[in-house]
Amino acid sequence: MSNINPAPILSVIVVAYNNEPEIAECLASIQLACEGVDYEIIVVDNASRDNSADEVSQFDGPVVLLRSEVNLGFAAGNNLAFKHAKGQFWALVNPDARPEAGSLAHALRCLQDQPKMGMLGGRLLAENGQDQPSARCFPSILNDFLVISGLSSRYPQSRFFGRVDRTWADPNYASVVDWVPGAFVVLSAKVLAQVGVFDERFFLYFEEVDLCQRIKAAGFEVWYQPECRAVHIGGVSSGRVEGKHFNSHGSQLSLWRMRSAMLYYHKHHGGLVAWGACQLERLWHAMRIFRNQARSIPCANSKCEESRALRQLLSQAWRETAGGRVSPPLPW
C-alpha cells in the first residue's frame with residue numbers, strides 16, 4: 001500500500017470475505033477504472049479466514065485496509081468504510097468484480113453532471129460476456145410469483161413478465177430504474193448524508209434495494225448506465241460460506257436471502273405482505289414436491305428433497321426474524 005491521497009474526490013470501497021484469489025485483480029482493475037481521477041481505495045476485510053488481508057496489504061496502490069474481527073456483512077462493512085472515506089463520491093465494488101478501464105471515472109462525471117442522480121449502477125457482465133441483471137424492479141409478491149413460476153425467464157421480452165430484471169429492455173440504453181445491484185455502484189456522499197447509510201439489519205442481500213427505496217423517496221433518481229461496465233463473477237464469497245444452502249442459480253445463500261426478504265417486506269410493506277411473500281414461496285415448493293412425487297425422471301427425487309429443505313428454511317427464517325420484524329444476531 002502507498003501514495004494515500006489526502007483529499008480524493010472518489011472513495012472506492014471493497015468489502016471482502018475470503019477473496020484471496022480475486023482481490024488483487026479487483027484492485028488492479030479499480031486503478032485503471034479511476035484513471036484521471038483523484039481517488040482512494042478502502043478495503044474492509046470481514047474476518048477472512050484466508051490471506052485476503054495480506055494480499056491487500058501487499059498491493060501497490062492508494063489502499064486503506066480496515067480489518068474487522070468479525071464478519072460484519074455487506075451493509076455494516078460498507079458503513080464502516082463510509083466512516084473513513086474522504087471522497088465526495090463513493091463507489092462500491094464487489095471483490096469478485098473487475099470494473100473496465102475508465103468506468104469509474106465516467107460514472108463520477110455522470111453523477112457530477114446530474115445533481116438529481118442519487119445512485120448510478122453499471123452494466124454487469126459475466127466472464128463469458130453475457131449480461132447479468134443490472135437494472136431491476138422493486139420486489140413485490142407479483143414479481144416474486146413471476147420469478148418462481150418461471151414466467152419471467154420463459155417470456156423475457158415481455159414488458160410484463162420480464163419486468164423484474166427488465167429483460168425486455170435494450171441493455172445498451174441508460175435509464176432511470178428502481179434499483180441497481182450493489183456489486184458495482186457509485187453514489188454521492190451528500191445523498192447518503194440525507195437519506196442515511198445502509199440499514200445494518202440486512203446482513204446480506206436486499207440492503208441496496210432498501211437504500212434505493214430511500215434514495216428515490218427523497219426525490220433523487222437511481223440510474224442504470226451501460227457505459228460503465230464491470231466483469232462480475234457473482235456469489236463468490238457466499239459460495240465459500242460453509243454449511244449453508246447455496247442456490248447456484250441465484251448465487252445466493254438461501255436462508256440469508258429469505259431472512260433479508262422478510263425484513264425488507266415487513267419494513268416497506270408491512271407484516272401481511274411479508275407473510276404473503278413467505279407463503280407464496282412455501283406454496284410453490286409444496287406444488288413442486290407434489291408434481292415430482294408423481295414423476296419417474298432421474299432428478300425428481302432430488303427436486304423433492306430440495307423443496308422440502310427450502311420449505312424448512314422458510315419456516316426457520318420466518319421464526320428467526322419474527323415475521324420480518326427483527327434481524328437475527330450478527331454475524332449470520
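Helices (H or I, at least four residues) and strands (E, at least two) are DSSP runs, numbered from the N terminus. The model is predicted, so that local features need pLDDT of at least 70 and side-chain atom pairs count only at pLDDT 80 or more, while totals for chains, interfaces and linings use all residues. Residues are numbered from 1 along each chain as its sequence is written, and side-chain values use heavy atoms, with hydrogens and water left out.

View 1. Asparagine 18, in the loop between β1 (10-16) and α1 (23-33), has a phi near 55 degrees, a positive value in a residue other than glycine. Most residues other than glycine have a negative phi, and most peptide bonds are trans.

**View 2. The salt bridge of aspartate 54 and arginine 67.** The two side chains meet at 3.9 Å, N to O, where a salt bridge requires a side-chain nitrogen of Lys or Arg within 4 Å of a carboxyl oxygen of Asp or Glu. Aspartate 54 belongs to helix α2 (residues 52-57) and arginine 67 to strand β3 (residues 63-68), so the pair, 13 residues apart, links distant parts of the chain. By this rule the count comes to 15 salt bridges.

**View 3. Packing of α10 against α11.** Helix α10 (residues 254-269) and α11 pack at an angle of about 145 degrees, with their axes 7 Å apart; axes are lines fitted to C-alpha atoms, for helices over the stretch in contact, and angles run from 0 to 180 degrees between N-to-C directions. The contact (heavy atoms within 4.5 Å) includes Met258, Met262 and Tyr265 of α10 and Val273, Ala274 and Ala277 of α11.

**View 4. Lining of the second largest pocket.** A pocket is an open set of points on a 1 Å grid over the protein atoms alone, where a 1.4 Å probe fits, with protein on both sides within 12 Å along at least five of seven lines, and lining residues have an atom within 4 Å of a point. Among the lining residues are Ile148, Trp284, Arg288 and Lys303, and helix α11 (residues 271-293) gives the most, with five residues.
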